[in-house]
Amino acid sequence: FTIGAVESRFDIPEAPSLLRVRARLLPDTANVCSAIWLQSWPEVKNNPNPEIDIIEYFQQKEMHMNLFTWDKDSSGNYQHVDFKGQIFNYNNDLSTTFRVYGLERSGDHIRFYFDDKLVCDWKAPDPAFTSMPRHLILSLEGHRYVPHADQLPASFDIDWVRVFIPGKKNNSPH
């Protein structure tokens, strides 16, 4: 099986900023994770290297929102050193219709939205989560389970991506 990702050429700026993505996720029956997240590759030079998962969807009725901190060890390999996660339960299959997934970084807070409703509000565990610009990544990942061939091919559809920066004129979709 082959997985894939699309990474933005532009950075989602540091706080304050609001990101919204309208997407229809891959069916969970495929055993492939649909993910919308912020990170930058190649890695940043300074530790920590924060990752913000707006959504990881690999189990029907569950949306996983995560904050990861990755640091390089003495060998130069990345090690996961900190994690904060929450599961938002939703009573429908997220692959049947388009939904809007959002992330707001404001001050020292990170807020997650689902269909424009606040579902999680965290104080950033490290200032890097709100102070570092990040690339947007839209990906299909096979790291959780073995994909079910009889459920593929299937699609992870992105309708639009919008980035809003308070105080900036011409906040237009990217």
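A cavity here is a set of points on a 1 Å grid, over the protein atoms alone, where a 1.4 Å probe fits but cannot get out, and lining residues have an atom within 4 Å of a point.

This is a predicted model, in which local features need pLDDT of at least 70 and side-chain atom pairs pLDDT 80 or more, while totals for chains, interfaces and linings use all residues. Residues are numbered from 1 along each chain as its sequence is written, and side-chain values use heavy atoms, without hydrogens and water.

## Where the lining comes from

The largest cavity has a volume of about 40 Å³ (the space filled by probe spheres set on the points, which are joined across faces, edges and corners). Its lining includes Ile54, Met63, Tyr101, Gly102 and Phe112. Strand 8 gives the most, with three residues; strands are DSSP runs of E, at least two residues, numbered from the N terminus.

Five strands form an open sheet in the order 9-8-7-2-11, with antiparallel pairing (two strands pair if DSSP finds at least two bridges between them). Strand 9 (117-123) and strand 11 (157-164) are at the edges with a single partner strand each, so one side of each has no neighbour in the sheet.

Strand 2 (residues 17-24) pairs with strand 11 over seven bridges, and Arg24 has Asp157 as its bridge partner in strand 11.

Note on methods: Helices (H or I, at least four residues) and strands (E, at least two) are DSSP runs, numbered from the N terminus. On a 1 Å grid over the protein atoms alone, a cavity is a set of points where a 1.4 Å probe fits but cannot get out, and a pocket is an open set with protein on both sides within 12 Å along at least five of seven lines; lining residues have an atom within 4 Å of a point.
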